[in-house]
Amino acid sequence: MRKRMPSQSNKNGIGGVNMVQSEVLTGNYAVAYAVKMSRVQVVAAYPITPQTTIVEKIAQFVEAGELNAKYIRVESEHSAMAACIGAAATGARAFTATASHGLLYMSEMVWWAGMGRYPIVMAVVTRAIGPPWSIWTEHNDVLAHRDSGWIIFFAEDNQEVFDLTIQAFRIAEDEKVLQPVMVTLDAFILSHTASPVYMPDQREVDEYLPPPGGRKLPYILDPLNPLTHGNLTYPDHFMELRYQIARAMENAKQVIVEAGRKYGEMTGRYYDHLIEAYKCNDAKAVIIAVGSSAGDAKDAADYLRNQGLEVGVIKLRTIRPFPVEELREACKSAKIIGVVDRDYSYGYGGIVHGEVKSTLADTKKPVQSFIAGLGGRDITVKDFINIGRRLIEMADKGVGEQPPIWVNLKQEVIP
Amino acid sequence: MNKIPLTSISKPTRGAVGKTGFWRSFKPVIDQSKCVHCLQCWLYCPEGAIKRTGSNLMTVEVDYEYCKGCGICANECPVKAIKMVLEE
Amino acid sequence: MGKLEAGGDTMKITIKDLPIKEYMLPGNASCPGCPASLGLRMLGKALEGKFILVVPACCSTIIQGPFPKTSANFPILNIAFAASASAASGVAAGLEAQGKRDVQVVVWAGDGGTADIGLQALSGAAERGDNIIYICYDNEAYMNTGIQRSGATPYGAWTTTTWTGKKEFKKDVPLIMAAHKIPYVATACISYPLDFIAKVRKAAEMRGTKYIHLLAPCPPGWRFPSDKTIEVGRLAVLTGMWALYEIENGIFKLTGPSIALLDKSKRKPIKEYIKLQGRFARMTDEEIEKLQKYVDEQWEYYRALVEMGKAKTQE
């Protein structure tokens, strides 16, 4: 696991000696602690593996009086998001969490939140969709919602999960954004695996985030200023409303960077880029990874560099807004790009691959698709080493893009 | 040019779909001499198109700008003081 | 102003108790003679605009009128079809979390969004006792999408998906809600607006989940002329097809004209109600007989509930 170096500007090290606390937390608990520190006011959630310990921990916080929130133990995920929308419409800070089928069941309301511009934060533990049933990690559930107006983050480790959840509230509630935010973490790899998480002081978080609730948003529900949300809109007006959302998502790029920089000033951990470009400056081959496997990709890059192979790694932190400019910049020196998709769009190919390829289309560089880790199959450092080697080989031989390579596929059992 | 709000919110407006008086074929005509000021027509009008006027707000008048001509007022009036008349 | 103590007689409110101010502005998109439009007007007067209304997909979504205008002089959260009760739970929680305690949260949903697609969320909210008033205005079909049958469509009714008449009986949502043991369940009819307003005001004084089921005869959907809305609703009550009652903390009481109708001889035959509506025009005598029997049996059930209520009160 890659260590994050403390910023030079923070001479006390990570977060400052007096104020930092650290716990060994699973990714799920990291979410729960971040929700508590963010002073969320309404939580409405339904349990689903592997998110359950998020909602259990938050329930504990609420009942112990550590988090002063209304906890609605809803009877379905669809109701969970509906309740969050209701709460957000009154100006309250709302949160929910789900995974896989829960997210799909909630789909209609996920769109309602995105298109209605309700700044809700949701943690999604990425999990494969059935049938057959699988509880392990895959990114299709989250990526299926990439069009819905949500800002979507993928976390690499539990520290990032914690940090992102806090930043999410600031980003969502920013006047130039006002869109909901998804913080995603891979099933079991992050959600149930514990590692040290450094947490800032409550006072710092209170300063970092706007005060919860009672926002002066012009559209909150209030009998003293009666407004109707979301009534029928004719074609005459619809496009302009959607344009505003498109513009907000563009604004989000800057807001995310700014929020990440501010967070760094507070904790020493900077998140002021939409991607993490690792050893890409002089890379011949660049591997693009999303989520927890990004860490293994970076380890593989270190190994390959020691072997004299110029491999770099790009970790896509956000899927939406898609980091077009940063991606193009980071791929400047590469002769070939490989995208590792922990997802598949049946009838097309890797989803992230498609988006990367269209972003880099005019560079005419080959973008090779790798499909790996579906249904939670491990993607190891060794797999990334092989991927890196393969890409270098393709670059040296001038080989163009091949059909998607399914990593570790047991071809021999397929009839 | 009026700017749109930053999301799909609407403001309370009389005549949200226009002057719905244009919808009707028959219009209610109140014979004030027969009216007993029971306010049933005011109560039952689905549109709120019966206005209460007069010094004690007990006189009823039809708001022809918005009255859709449904005829409920005429049907419910206990003294049959309201007639539905074909619009010219 | 006619405020009601819990347990008071719902017919004590008079027209003079109602505010003159209109909370539903005229020129809305409802059909002429629409009971939902009238219902919203009455709701506004009942709570004097001090509420947030949650409206799922239904006729009332359209009645508001199009962006950027609305006919409602109170805040409305439009929400997806199945989600009204849970969105309302969220609104209630959001208000409470911010210390705003003097605003009612009211759901205004059709029978489709209540008895069918919205039932799960409603049941969840009731089981949790979320602090909302849920009003189902029942025009007995999916009217907004063009008169398709719902679980609340009565036996024998024509709809665009039951061309030879519905073969199943009406889902009894008020009694389903009563089984959740919520503090207040009531039925009402738009033809008795003062009774409806009194029940809304009574609900507003209680904490917990309150459910009011309002019969709303629909001229285009039930096939009768637009001036007969109130008359049809009145006959629904006077024939016993629809009973006006309230169940307060588990005690069942008939209200208004329904009180006298435990006596079968006082109930008009349902034929008088049915003959006014084109949607029942194809019903055979046999089917009408079956429906009459069903109504009579329902009233025996109400009799038992009334007795139980009386016994409980004496305890």
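Predicted model: local features only at pLDDT ≥ 70, side-chain atom pairs only at ≥ 80, totals over all residues.

1. Chain A has an average pLDDT of 94, and 95% of its residues score at least 70. The stretch to treat with care is residues 5-18 of chain A, where pLDDT stays under 50.

2. On the domains of chain A: the assignment gives domain 1 (21-267) and domain 2 (275-409). Their centres, taken over C-alpha atoms, are separated by 28 Å. Domain 1 of chain A brings 26 residues to the contact, and domain 2 of chain A brings 18 residues.

3. Which elements each supply at least two residues of the side of domain 1 of chain A that touches domain 2 of chain A? They are helix 6 (140-143), strand 6 (151-154) and helix 9 (235-267) of chain A. Helix 9 of chain A gives the most, with five residues. By residue class, this side of domain 1 of chain A has 14 nonpolar, five polar and seven charged residues.

4. Turning to chains B and C, their contact takes 33 residues from chain B and 32 residues from chain C. On the chain C side, two or more residues each come from helix 1 (35-47), strand 2 (69-70) and helix 9 (229-238) of chain C. The residues of chain C that touch chain B divide into 14 nonpolar, twelve polar and six charged.

5. Strand pairing also links these two chains: strand 1 (residues 9-12) of chain B runs parallel to strand 2 of chain C, joined by two bridges. Here Lys11(B) has Lys69(C) as its bridge partner.

6. That pairing belongs to an open, mixed sheet of eleven strands, in the order 2(C)-1(B)-9(A)-3(C)-1(C)-4(C)-5(C)-7(C)-6(C)-8(C)-9(C). Strand 2 and strand 9 (251-254) of chain C each have a single partner strand, so they stand at the edges with one side left without a neighbour in the sheet. Elsewhere in this order, strand 1 (residues 51-55) and strand 3 (residues 76-78) of chain C run parallel and are joined by three bridges. Leu53(C) stands opposite Ile76(C) in this pair.

7. In chain B, do look at the hairpin of strand 3 (residues 50-53) and strand 4 (residues 59-62). The two strands of chain B are antiparallel and pair over four bridges, with Thr53(B) opposite Thr59(B). Five residues lie between the strands, and Gly54(B) takes a positive phi near 90° in this hairpin.

8. Finally, why does Tyr294(C) count as partly exposed? Tyr294(C) has 16 C-beta neighbours inside 10 Å, whereas a residue needs 20 or more to be buried and 12 or fewer to be exposed. Tyr294(C) sits in helix 11 (residues 285-314) of chain C. Leaving aside residues up to four places away in sequence, Tyr294(C) touches Tyr155(C) and Phe169(C). The C-alpha atom of Tyr294(C) is 9.4 Å from that of Met241(C), a residue 53 residues apart from Tyr294(C) along the chain.

Methods
Residues numbered from 1 in each chain as written. Chains lettered and ligands numbered in written order. Contact = placed C-beta atoms within 7 Å. Nonpolar A, V, L, I, M, F, W, Y, C, P; charged D, E, K, R; others polar. Pairing = 2+ DSSP bridges. Domains from an automatic or database assignment. pLDDT = per-residue confidence, 0-100.
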